[in-house]
Amino acid sequence: AVAVLVIACPCALGLATPAAIMAGTGVAAKHGILIKDAQALELAHQVDTVAFDKTGTLTVGQPRLVAFIVPPRSPAARDSLPPEGAPAPWGGPAALGGAGEAEEAQQLAAAASLQSGSEHPLARAVVAAAKARGLAVPEPDSVRAVPGHGTEGEVGVASYLIGSLRWLDELQVGLGALRAEADRLQAEGATLSALVERTTAGLTLRALMAFADEPKAGAREALALLRARGIRIVMISGDNRGAALAMGARLGLAADEVMAEVLPGDKAAKVAALREGGHVVVMVGDGVNDAPALAAADVGMAMGTGTDVAMHAAGITLMRGDVGLVAGALDISHRTVMKIRQNLFWAFAYNVAGIPLAALGYLSPVVAGAAMALSSVSVLSNALLLKRWRPPA
């Protein structure tokens, strides 16, 4: 009876799962994968679809203003511009040469003013471009963010809005002579925004802005590694379709793997639609507007280089912001779950074999105690083998 009682002690069963989870999360953290939610660790090995946000996740997230194009004005409108060398109406930058350069400087300063309080990567690019040209950026007034579209406010005595071409279409503001240039820039993969002024005659286009970003180093190879594991990849972007497809092509993505012109508030709906299609979905993002999508996914992964809100909403944080760690997180999840199953098997095997032998009198209490201790040691040793894990190259 004593031998049966000793060998039936469920220590190995109690250690099987937590030992593997502690070893798995520990070695993952060592390699830059912070797993905050054990449920995320257990679900990640079932994932068959990974959805990526584009800006800041697959790209560097530091876009540059590569083109600032001011449409031609009528002669009467040109006559109303400040003369060469004179300041702008709000006391801003002086003209830099001809009337064309003077107007470009004036509109760039207005755009930078309107974006000066924003943390959006495109806004920072506009402000950086204005400062690089030595322009004085005035303080804006009554600035209001329009979710999913852009920003509007007053600069001096003028009222402006700045945002996506989709917003311009909704406001029925045409690109006019800049349409061909806009199509060319979009085909080259540029992200476009526009500066519009509210005048007594209505909304008037003042400038077209083109931004360029670069893929993260190793992002294309990281996506290829996921695809080799049989995982479907989706890129979600708020950019126009031309720019999103161009960036997708640079990352090795097909056209049907790119979701373009997705408003920030619709990302979570896109993720939910993937789940409703029977997929187990990981969402990878870094921004404030990615947080609802991270929470809506089966497993949320946030870039450690992103916002605190995104990291709080995600169950897994990739501390280095390396896209390659996504495959590593899925791999350590798979290996941890395998160790849990192996540990449970051996824990049950000890009891199934040992209890009948003890009940029939073949085991003394001393042998039973040794067998019970050996079962716990074997379970812990098997779990600690995870310490040898390395992320896939």
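This is a predicted model: local features need pLDDT of at least 70, side-chain atom pairs count only at pLDDT 80 or more; totals for chains, interfaces and linings use all residues.
Reader: At what angle do the axes of α15 and α16 cross?

Author: Roughly 170°, with the axes coming within 9 Å. Axes are lines fitted to C-alpha atoms, for helices over the stretch in contact; angles run from 0 to 180 degrees between N-to-C directions. Helix α16 spans residues 365-384. Helices (H or I, at least four residues) and strands (E, at least two) are DSSP runs numbered from the N terminus. The two helices, α15 and α16, are therefore roughly antiparallel.

Reader: Which residues of α15 and α16 make the contact?

Author: Contact means heavy atoms within 4.5 Å. From α15 come Lys339, Gln342, Asn343 and Tyr350. From α16, the residues include Leu374, Ser378 and Val379.

Reader: How many residues does the largest nonpolar core have?

Author: In soluble globular proteins, nonpolar side chains tend to be buried together. A nonpolar core is a set of buried Ala, Val, Leu, Ile, Met, Phe, Trp, Tyr and Cys residues joined through side-chain atoms within 4.5 Å. Buried means under 20% relative accessible area, exposed over 50%, partly exposed in between (1.4 Å probe, protein chains only). Here the largest core has 47 residues. Ile33, Val50 and Leu330 are among those with the most contacts inside it. Helix α15 (residues 324-359) gives the most to this core, 7 residues. A second, separate core has 24 residues, including Val126 and Phe211.

Reader: What does valine 50 touch?

Author: Leaving out residues up to four places away in sequence, valine 50 touches Ile231, Arg232, Ile233, Val234, Val282, Val284, Val326 and Leu330.

Reader: In what order do the strands of the open sheet run?

Author: The 7 strands run β1-β13-β12-β11-β2-β9-β10, with mixed pairing. Two strands pair if DSSP finds at least two bridges between them. β1 (33-35) and β10 are the edge strands, each pairing on one side only. 3 bridges join β1 to β13 (residues 316-318), and the two run antiparallel. Isoleucine 33 stands opposite leucine 318 in β13.

Reader: Where does glutamine 172 lie?

Author: In the loop between α8 (165-170) and α9 (179-187). Glutamine 172 counts as exposed because its relative accessibility is 74%. Glutamate 261 also has a positive phi, near 55°. At 43% relative accessibility, glutamate 261 counts as partly exposed.

Key:
Residues are numbered from 1 along each chain as its sequence is written. Side-chain values use heavy atoms; hydrogens and water are left out. Angles under 35 degrees count as roughly parallel, over 145 as roughly antiparallel, 65 to 115 as roughly perpendicular and the rest as oblique.
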